[in-house]
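I opened my notebook to write down what I looked up in this structure. Here it is, so that I can follow along later.

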Amino acid sequence: MDFEAWWLVLLPLFFGLGWLAARVDIRHILADSKLLPRQYFEGVNHLLNDRTDKAVEVFVDLARNHNETVELQFALGHLFRKKGEIERAIRMHQKLLARPELKPYDKQSSQFELALDFMKAGLFDRAEELFGQLDDTEFARSARRHLLDIYQQEKEWKKAIEIAQQLRDTSHTYQHEIAEFYCELATQAITRSQQAEARQYLQQALAEHRKCVRANLLIGDLSMQEGEAQAAIDAWLKIESQDQRFLPFAVPKLLEAYDKLDRTDEGTALVKGFLASYPELDLLDLMYERIAKTSSIEQAADFLREQLRQYPSMLGYARLLEAHAAMAPIERKSDIEALRKVILDNSRNQAMYHCGACGFRSRQYFWHCPACNEWESFLPARGQTKA
Ligand SMILES: [Zn+2]
């Protein structure tokens, strides 16, 4: 056979092989692309209908057949964590991290996810280590935010200050938070009887945030402990120019300091002055009791009536009824008491402090909301729900 004839025999054969190869490949690709979307959408559908267990089943199956798909493993790890299956999430992210072919971004991403797993499992040391390794990566800022959470939960206030200083930018100065962290350090120092150290922290709190009311409250407490009633009064009086809404926190302490200095009338006059300037302040109970003790119930009731004319409040009227019950003849006492009880029952909400950020209510005031972890989010007046 000559050269041209060989050519003619081989040509259809090459075409045939090419066609077969293409067909096999296309079939494979089609099978893959059909399998992936169907299961994928099935999984998503379960997720959208809050059937997390079913979604996990589908995605686990999918991940088994496509273990090269890193995104799928991430999604699954995330689902495990959300479901509270932390051990499975940890295993998944550790397996991902161990892959030698992982791109740097995916490696950092696995590290970040694994740190979140550890954090959720309460293994803060391991989470801290992993987050710390993410400096200089795209995850640095998010990692620092989580580190700040960890340090607050662990009460590691010095580390919290350091991280908050790194996080501060024009959108969030962390001024309130850092001042509060210094106050926490001061409180710890006071418990250890390290007064001088506590004072230093409180000065740092004020340098960070000059309107930090809590710092002046604590400086006054320290002075009082050291027997310096006048210095305590000076510190507490500064609160009026910082934020007068917080005066009710300082007033009982101020009165005690004035009493200690035998300047009882001066104390009473000061608080009456506050009420004249800020009738909305929650000071009626305190003043009622003081006037009833130092003068008479009649005078205390007169004071209440005068205040309520300017600034009526349910709790104030309940107090006034208490005064009436005390002064009334025996046969009328029970009626007045019943009325007072009705008012108190209906104004229970007004006797509570509210968190302006999450709405959490409590009889006690918190500088750090136990529900949403915000600092200084509790409103200083009882019953107030908006700043
Ligand atoms: Zn809150």
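My entries follow, starting with the ground rules.

**Ground rules.** I am working with a predicted model, where local features need pLDDT of at least 70, side-chain atom pairs count only at pLDDT 80 or more, and totals for chains, interfaces and linings use all residues. Residues are numbered from 1 along each chain as its sequence is written, and side-chain values use heavy atoms, with hydrogens and water left out.

**The whole protein.** I looked up the secondary structure and got 19 helices and two strands. Helices (H or I, at least four residues) and strands (E, at least two) are DSSP runs, numbered from the N terminus. Next I checked burial: of the 387 residues, 40% are buried. Buried means under 20% relative accessible area, exposed means over 50%, and partly exposed is in between, with a 1.4 Å probe and protein chains only. The protein exposes about 22300 Å², and carbon and sulfur atoms supply 53% of that. These areas come from the Shrake-Rupley method with a 1.4 Å probe, and for residues only the protein chains shown count as cover. I also looked at contacts, meaning heavy atoms within 4.5 Å. Among those between residues at least 6 apart in sequence, 45% join residues at least 24 apart.

**Helix H9.** At 1.5 Å a residue, its 17 residues should span 24 Å, and the end C-alpha atoms are 25 Å apart, which agrees. The expected span is 1.5 Å times one less than the number of residues. How many of its 17 residues are buried? I got 12, so I noted H9 as mostly covered. Among the buried ones are Glu177, Phe181, Tyr182 and Cys183. The cover includes helix H7 (140-153), helix H8 (157-167), helix H10 (195-208) and helix H11 (213-225).

Tyr182 lies in H9 and is buried, at a relative accessible area of 11%. Leaving aside neighbours within four places in sequence, Tyr182 is in contact with Ile161, Tyr201, Gln204 and Ala205. I also checked Tyr182 against Ala215: they are 33 residues apart in sequence and 8.5 Å apart in space, C-alpha to C-alpha.

Gln152 is found in helix H7 and is buried, with a relative accessible area of 13%. Not counting residues up to four places away in sequence, Gln152 touches Trp157, Phe181, His368 and Trp375.

**Nonpolar cores.** A nonpolar core is a set of buried Ala, Val, Leu, Ile, Met, Phe, Trp, Tyr and Cys residues joined through side-chain atoms within 4.5 Å. Which members of the largest core touch the most other members? Of its 47 residues, these are Phe131, Leu148, Phe181 and Leu202. Helices that each supply at least two residues of this core include H4 (86-97), H5 (104-120) and H6 (124-132). H9 gives the most, with nine residues. Domain 1 (26-98 + 105-132) and domain 2 (179-237) both give residues to this core, so it lies between them; the domain bounds come from an automatic or database domain assignment. A second, separate core of 40 residues includes Ala250, Val271, Phe303 and Cys369.

**Helix H11.** H11 is mostly covered, with 11 of its 13 residues buried. Those buried residues pack against H9, H10, helix H12 (229-237), helix H13 (239-242) and helix H14 (247-260).

Most residues other than glycine have a negative phi. Tyr174 is not a glycine, yet has a positive phi of about 60 degrees. Tyr174 sits in the loop between H8 and H9. Is Tyr174 buried or exposed? Tyr174 is buried, with a relative accessible area of 7%. Asp262 also has a positive phi, near 60 degrees, but Asp262 is exposed at 68% relative accessible area.

**Cysteines.** I found zero disulfides; a disulfide is a pair of cysteine sulfur atoms within 2.5 Å. Cys369 is buried at 0% relative accessible area, while Cys372 is partly exposed at 27%.
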